[in-house]
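Open the model in your viewer and keep the selection tool handy.

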Amino acid sequence: MKKTDIYMLQKPVSYLPTIILLLCLSCSSRTAAVENTEAKDAITRSVKLYSSENWEIRKMAISRVVVYSGTAYSRNVILLLLKATDDPHPLVRVEALHALTRIKTESAHGRIREMALYDRETVVRWSAYKALEVYGSADDESAFITGYSDSDWLIREAAIRGLLVIDDDAVQARNVQLVISAINDSSISVRIDALYHVRFKDAGLYREITALINNKKTGVSLLKAALTAVSGYRLDENTRNRIVKLLTHENRDVRVLSLRALKKDEELKKM
């Protein structure tokens, strides 16, 4: 027996980590290869399904292919989804938007904005505005402003929410009047959404928010949204007194939100 063989027999444990690592790497390589093959085959099947004349089958193909966006063939997935954004059936286009929202790829950003502005179907434009919200980009400011002028309240709601999630004080400052319009929108859903999402502090916004709180006819849903929006402002005496009275309101959420607003006001006074 060779000296090296004797040495290996004497110290076998020292070789185990290396052997295990090599086995793991081998297994990982085989697993990755299998997964990539499965992904490639699945994407190929989805592409074939998408060639169907039946819109429901095309929609199914889009919903299936998105799960492979994190594989080595993600580019193929995105190309199919982008193709589907131009599908003749609106629900297929909506499905493509949902899929692109999950991926949040910058390569689809411009196309989504285009759909929000120009698609012929309301449901598609609405879905596109919701998809744009995920990006939270100042590049979409003008698109959201345009969306708020839409006659459909669902699109106005999505547009104002999308505008308000942009984390840019300059964007928020120059759109204060638009937000005030949303707080007074003909749709209560738009009003509530605007109040829940507004973060920028402004004297004009404060007047609109406190007017709702001080109006005893304001409904519970709108009142809760206004109490959420007022938190973080220094309260004037009349509004503070009104919120103190709301601590005994029959609605639990109103009581909790009133307490939070008052506590925040106390914190600001100490600063």
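Start by selecting Leu247, which is partly exposed at a relative accessible area of 31% (buried is under 20%, exposed over 50%, partly exposed in between, with a 1.4 Å probe and protein chains only). Leu247 sits in the loop between α15 (237-245) and α16 (252-270); helices here are DSSP runs of H or I with at least four residues, numbered from the N terminus.

This is a predicted model, where local features need pLDDT of at least 70, side-chain atom pairs count only at pLDDT 80 or more, and totals for chains, interfaces and linings use all residues. Residues are numbered from 1 along each chain as its sequence is written, and side-chain values use heavy atoms, leaving out hydrogens and water.

Next, select Glu95 in helix α5 (residues 90-103). Is Glu95 buried or exposed? Glu95 counts as buried, because its relative accessibility is 16%. Show side chains, and you will find a polar contact of 3.4 Å between those of Glu95 and Lys59 (a pair of N or O atoms within 3.5 Å, one able to donate a hydrogen and the other to accept it; residues adjacent in sequence count only if both atoms are side-chain atoms). Beyond residues up to four places away in sequence, Glu95 touches Lys59, Ile62 and Ser63, with contact meaning heavy atoms within 4.5 Å.

Terms used
Helix = DSSP H or I, 4+ residues; strand = E, 2+ residues; numbered from the N terminus.
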